[in-house]
Amino acid sequence: MSISAPTQLDIQKIREEFPVLHQQVNGKPLIYFDNAATSQKPKRVIEKLTEYYEGYNANIHRGIHTLAEKATRAYEDTREAARIFLGADHIEEIVFTRGVTECINLVASTYGNEFINKGDEIIIAELEHHSNIVPWQMLCERKGAILKVIPVNDHGEIELDAFKKLLSDRTKIVATNHASNSLGTINPIQEMITLAHEKGAVVLIDGAQSAAHLPIDVKALNVDFYCVSSHKMYGPTGVGVLYGKRELLEKMPPYMGGGEMIKDVTFEKTTYNDLPYKFEAGTPNIADVVAFAEAIAFVNELGKENIHRHEAELLAYATYKLSKLKGIRFIGTASQKVSVLSFVIEGIHHFDIGQMLDTRGIAVRTGHHCTQPLMERFEIEGTVRASFAVYNTKEEIDSLAEGLTRVINFLKS
Ligand code: PMP
């Protein structure tokens with residue numbers, strides 16, 4: 001395992017862009033290792049929010065005055081940035097939502113209601129986040145469809161052979177994540193998409209944990225739906241992007257009814273707006289969408305390859321350092337991982353570890369990480385999860401290792 005590949009990024013300079021990192025928590029410098037839950041925001045994102053509210057706050061699309069036009073332009077500029085970011089061909093294929101959860105619910109409700117029938121099958125994997133389980137269960141209940149689950153092996157990797165066996169002519173939807181939030185596993189989505197398409201199924205990829213870390217090219221992947229949350233990639237909360245193939249989005253009924261998603265309304269009949277507005281009822285989260293463009297630019301300017309290289313180095317270093325701790329067991333040892341390190345320590349509850357690390361200014365997440373079935377698979381209640389972003393450093397990992405040593409000594413003494 002390489003732990004010292006050189007990186008071109010100036011991490012100290014990057015850290016200066018993140019005001020929140022420069023504070024003391026419980027008397028210690030903050031070490032933020034909860035990036036899989038949400039990443040911190042660079043100044044340029046925060047400043048964009050202020051600039052919007054101070055300079056051109058107005059409702060979009062329907063106004064003819066100058067501020068409305070400026071706000072509309074900024075909102076639509078983000079759509080174009082998201083299109084390029086995901087590698088989509090058409091602007092109509094980029095729908096703004098509140099996040100990945102809403103993206104998946106939108107597809108399950110609209111595509112699901114229109115195209116799923118009794119006896120049809122939907123396949124997900126054992127490592128899904130609850131937001132990629134529950135909407136499909138709700139759809140199956142409504143329609144009498146069947147949910148099938150691909151098992152993962154002891155490393156937390158999808159069993160491709162089992163997936164091939166689950167696929168059949170009854171399979172209508174395959175939904176999985178690009179990368180697991182609990183384990184870090186990077187899934188073989190290209191292969192899965194090809195296999196699913198051979199059976200005529202559509203594929204939805206939950207990109208919550210990949211957007212800031214892995215290259216994404218929806219066209220090369222030939223994926224049908226791809227979902228992203230801004231807040232996991234240095235952008236504001238409350239913004240998501242649903243990419244959907246134009247021909248599929250066109251066939252899908254609207255999600256919510258209201259303003260903006262219509263062409264004409266009479267009491268007898270409503271005709272719906274063109275894509276993507278058909279799926280964007282009501283006043284959207286304008287300010288956060290506008291600021292999301294800054295997050296996209298931030299990631300683009302650093303370069304995903306550079307980000308990934310730095311984070312892979314951190315992951316390798318942390319895995320190496322923490323492997324020396326007494327009683328530690330890593331949960332999720334896939335050969336391909338994003339920078340998520342989940343573990344349990346024998347005889348110590350994960351909550352106690354999380355709380356004691358917090359007293360040392362170290363923020364990690366503990367619990368089931370919204371993946372209860374996965375925790376059951378590993379016969380545990382939860383893990384401690386440290387997840388790294390581009391602004392994290394090896395020195396911070398040294399502090400984590402030292403903190404954990406002290407926690408273990410204290411709680412086991
Ligand atoms: N899928 C995965 C893999 C996630 O990590 C998360 C967020 N923890 C979600 C879906 C849901 O994303 P959001 O909360 O932004 O809707």
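Mentor: Start with one term. Contact means heavy atoms within 4.5 Å. Keep in mind that this is a predicted model.

Trainee: Let me try the term. Which residues does Met256 touch, not counting residues up to four places away in sequence?

Mentor: Met256 touches Met261 and Ala281. Met256 sits in the loop between α9 and β11.

Trainee: Is Met256 buried, partly exposed or exposed?

Mentor: Use the cut-offs. Buried means under 20% relative accessible area, and exposed means over 50%. Met256 has 45%, so it is partly exposed. Now look across the model. Met256 and Glu121 are 135 residues apart along the chain, and their C-alpha atoms are separated by 25 Å.

Trainee: Let's step back to the whole chain. How many helices and strands are there?

Mentor: The protein chain has 14 helices and 17 strands.

Trainee: How do I judge the overall size?

Mentor: Compare the radius of gyration with a rule for globules. For 413 residues, a compact globule would have a radius near 22 Å. The protein chain has 22 Å, so the two agree. You can also read the extent along the principal axes. The C-alpha trace spans about 75 × 55 × 35 Å.

Trainee: What share of the residues counts as buried?

Mentor: Of the 413 residues, 56% are buried. Then consider the surface. The chain exposes about 17700 Å². Carbon and sulfur atoms supply 50% of that area.

Trainee: And the charges?

Mentor: Count them, then compare their mean positions. The chain has 44 positive and 54 negative charges. Their mean positions are 3 Å apart.

Trainee: Show me a case.

Mentor: Go to Ala334, in the loop between β13 (328-330) and β14 (340-345). Ala334 and Ile186 are 148 residues apart in sequence. Their C-alpha atoms are 7.9 Å apart in space. Leave aside neighbours within four places in sequence. Ala334 is then in contact with His155, Glu157 and Thr185.

Trainee: Why does Ala334 count as buried?

Mentor: Its relative accessibility is 10%, so Ala334 counts as buried. Ile331 lies in that loop too, between β13 and β14. Ile331 has 1% relative accessibility, so Ile331 also counts as buried.

Trainee: What is around Ile331?

Mentor: Again, skip neighbours within four places. Its contacts include Ser182, Leu183, Phe343 and Phe378. Thr371 is 40 residues from Ile331 in sequence and 13 Å away in space, C-alpha to C-alpha.

Trainee: Now a charged side chain. Is Arg15 buried or exposed?

Mentor: Arg15 is buried, because its relative accessible area is 10%. Arg15 lies in helix α1, residues 11-16.

Trainee: What does the side chain of Arg15 reach?

Mentor: It reaches the backbone oxygen of Tyr391, at 2.6 Å. Tyr391 is also one of the residues Arg15 touches, along with Leu21, His22, Asn392, Thr393 and Glu396. That list leaves out residues up to four places away in sequence.

Trainee: What about backbone angles?

Mentor: Tyr234 has a phi of about 75 degrees. Tyr234 is in the loop between β9 (225-229) and β10 (240-244). With a relative accessible area of 1%, Tyr234 is buried.

Trainee: Where is Glu260?

Mentor: Glu260 is in the loop between α9 (246-251) and β11 (262-265). Its phi is near 75 degrees, again positive in a residue other than glycine. At 13% relative accessibility, Glu260 counts as buried.

Trainee: One more angle. Which peptide bond is cis, with omega near -5 degrees?

Mentor: The bond from Leu275 to Pro276. Find Pro276 in the loop between β12 (270-272) and α10 (286-302).

How values were computed
Residues are numbered from 1 along each chain as its sequence is written. This is a predicted model: local features need pLDDT of at least 70, side-chain atom pairs count only at pLDDT 80 or more; totals for chains, interfaces and linings use all residues. Side-chain values use heavy atoms; hydrogens and water are left out. Helices (H or I, at least four residues) and strands (E, at least two) are DSSP runs, numbered from the N terminus. The radius of gyration is taken over C-alpha atoms; the globule rule is 2.2 Å times the number of residues to the power 0.38. Buried means under 20% relative accessible area, exposed over 50%, partly exposed in between (1.4 Å probe, protein chains only). Accessible areas come from the Shrake-Rupley method with a 1.4 Å probe; for residues, only the protein chains shown count as cover. Lys and Arg count as positive and Asp and Glu as negative; His and the chain ends are not counted. The place of a charge is taken as NZ of Lys, CZ of Arg, CG of Asp or CD of Glu. A polar contact is a pair of N or O atoms within 3.5 Å; within protein, one must be able to donate a hydrogen and the other to accept it, and residues adjacent in sequence count only if both atoms are side-chain atoms.
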